[in-house]
Amino acid sequence: MSRALLRRDGRGHREMRGKELRTSELTQFDGSAWYSQGLTTVVAAVNGPVAARQEDYRKCNVQVYVNRAVRIPRAGGTDRLCVEEQRLEQQRMDAEVEMFLTASIQAVVRLDQFPRCVLEVHVTILADDGALLSVATNALMCALLDAGVPCRTTVAAVTIVAFAPEDGSPVTAPTTTTTKAAPEASSLLSSSLPLALLLDPTRVEEVGDGVRTCATATFVLSNSVDGSNNSSGGVLVSQLQTCPRSSMHGGRMSSKDLVGMVALAERAAVSIFSFFRKCNVPLE
Amino acid sequence: MSLPPATGAVELSSFKQHVIRLLTQSKRLDGRPFDSIRVPHILHENRQDTKINRVLASTLYTDDTGTCVNCIVTGVFGPPPPQHPEEGRLTVEVTAPFFPGYSAFQIEGTLHELARFVRSTIISCLDLTELCVISGEACWVLRVELILMNADGGLRAATLHAAVAALHNLTLPKARLPSGDVVESRCLCFHRIPVAATIGLCGTAGSMQFLLDTNAAEESVADVLLTVVIDETDGIVSFLHHGRFPLLLPHLTDAIDMVASHGAALRSAILKSSSPPQ
């Protein structure tokens, strides 16, 4: 087994997609960032802090608006109910991105320096091919830096998919003949072997095959205090969700797997931080 | 993540200062220890007009400090989703009709995120193929409607527990398809029961204190908030966390262990009264 396992787009398990970043292109905003990882593209624009009226006047308020460039079109006939449900599910995913970005801003920006103000963020999702939360958070971080909003630290967001390793499947297949031993064998196999991790998944990898894909997690990691390149400063925001249909096949997610995911995310954040630093070179 | 606390006539900033002062003295607003949970109580309503209203289950979730969530499950027949023709459909709606003072935009975003969290957690613990009647043609469409009557922190945990209590051992009734075929009654079962808790973390005087099962006042002043959902084998079903400073790995595992130590009590409280008294 010397041949390395590759994904369908040619990447290794712990290889990220190509990153591209453009800042200061939307001139009507104080700061903007166009950021893409692979085919997932997000535009983030920041206005403010500007004076506004709100109840909690001791610190700056944050408003995040999430939109999509392409929405699911409406349909008729018997598919109308299903299409309406998909549209509603997409709107709820926008609300989830909204909550995630609001939590990231509240963790990063020094909001207490701007009482009676509002920081307004407009995020447009141009294309969604997986790892949407991390791409949106990275775009937002670049837009905040471009707007000159004072931040405590810079953050990098990483999305990881955990799935059952392939070594277990040949052993599980013969035991399915004995119906009583099958669930115990599969659960024992899944608990003994650690879960394999995919870094920066695409949409197809996030959805998975319904059997081996266990969970999808997004972590927002802060920069290290001493500025060293070999570690990060800890997890600021995280979100982990197990996939449907996989827990019936023994796909368990334990604390050790969470620790492994965070460790991989910390190593991947170092490459994103260096990418941010390289983009900061001024034009000649 | 949560709605702001209802402070009555007290200003929100003064209320926060009061809660912070109590926490520095190692006290909580309702007098609980730092590692105790509010035990939920589930009430099941028995309706005689089930067939008319299509209501399959109705539960009322309360705990000791006034959180009240009503969960109503209705079921109709419908086409299956095109991506998975062998599965049924489950939709979750969250409404909060008794919070008129808050900004409608913020409430709507919170409720949308809550509905997505509850639905994604439930479908990762429930086999949706049990809702299938005819593969590719007909399936049960379950609509879970969660009404937030009173909220006192821990919204994700409260709504998830209310929905799990309503859907566990739910009986899909014997019904007739429009084509005339008779569908036999079926019992819906979870293959793992999720329980959730919200943990707050306060960095007071250099030391970190965990607050298990935070209320709304503590959530407004806590530095870090974690929501942990686990199953019977203490496996992680869902995990969300955000805060003002970064957390290291021992804090995350400590939070999961803290919820796991109360998982059995929460699970028995949710499932204890799940069978209607008939």
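Reader: Glu218(B): buried or exposed?
Author: Glu218(B) is buried, at a relative accessible area of 0%. Buried is under 20% relative accessible area, exposed over 50%, partly exposed in between (1.4 Å probe, protein chains only). This is a predicted model: local features need pLDDT of at least 70, side-chain atom pairs pLDDT 80 or more, while totals for chains, interfaces and linings use all residues. Residues count from 1 along each chain as its sequence is written, chains are lettered from A and ligands numbered from 1 in the order written, and side-chain values use heavy atoms, without hydrogens and water.

Reader: Where does Glu218(B) sit?
Author: In helix H5 of chain B, residues 216–221. Helices (H or I, at least four residues) and strands (E, at least two) are DSSP runs, numbered from the N terminus.

Reader: And what does Glu218(B) touch?
Author: Leaving out residues up to four places away in sequence, Glu218(B) touches Val19(B), Arg28(B), Leu29(B), Arg32(B), Leu211(B) and Asp213(B). Contact means heavy atoms within 4.5 Å.

Reader: New topic. Why is S4(B) called largely enclosed?
Author: Because five of its seven residues are buried.

Reader: Which strand is joined to S4(B)?
Author: S6(B), residues 138–150, runs parallel to S4(B), with seven bridges between them. Two strands pair if DSSP finds at least two bridges. Val94(B) has Leu146(B) as its bridge partner in S6(B).

Reader: Which helix holds Arg119(B)?
Author: Helix H3 of chain B. A polar atom of the Arg119(B) side chain lies 2.6 Å from the backbone oxygen of Leu90(B). Beyond four places in sequence, Arg119(B) touches Leu90(B), Thr91(B) and Val92(B), plus Glu89(A) from the other chain.

Reader: On to the interface, then. How many residues does each chain bring to the contact?
Author: Chain B gives 53 residues and chain A gives 47. Together they bury about 4,500 Å², 53% of it on carbon and sulfur atoms. That is accessible area (1.4 Å probe) lost on putting the two parts together, summed over both.

Reader: How many salt bridges between chain B and chain A?
Author: Two. One of them joins the side chains of Arg116(B) and Glu96(A), at 2.5 Å, N to O. The cut-off is a side-chain nitrogen of Lys or Arg within 4 Å of a carboxyl oxygen of Asp or Glu.

Reader: Which strand of chain A is joined to S14(B)?
Author: Strand S9 of chain A, residues 235–242, is antiparallel to S14(B), with six bridges. There, Gln239(A) has Leu240(B) as its bridge partner.

Definitions and conventions
A polar contact is a pair of N or O atoms within 3.5 Å; within protein, one must be able to donate a hydrogen and the other to accept it, and residues adjacent in sequence count only if both atoms are side-chain atoms.
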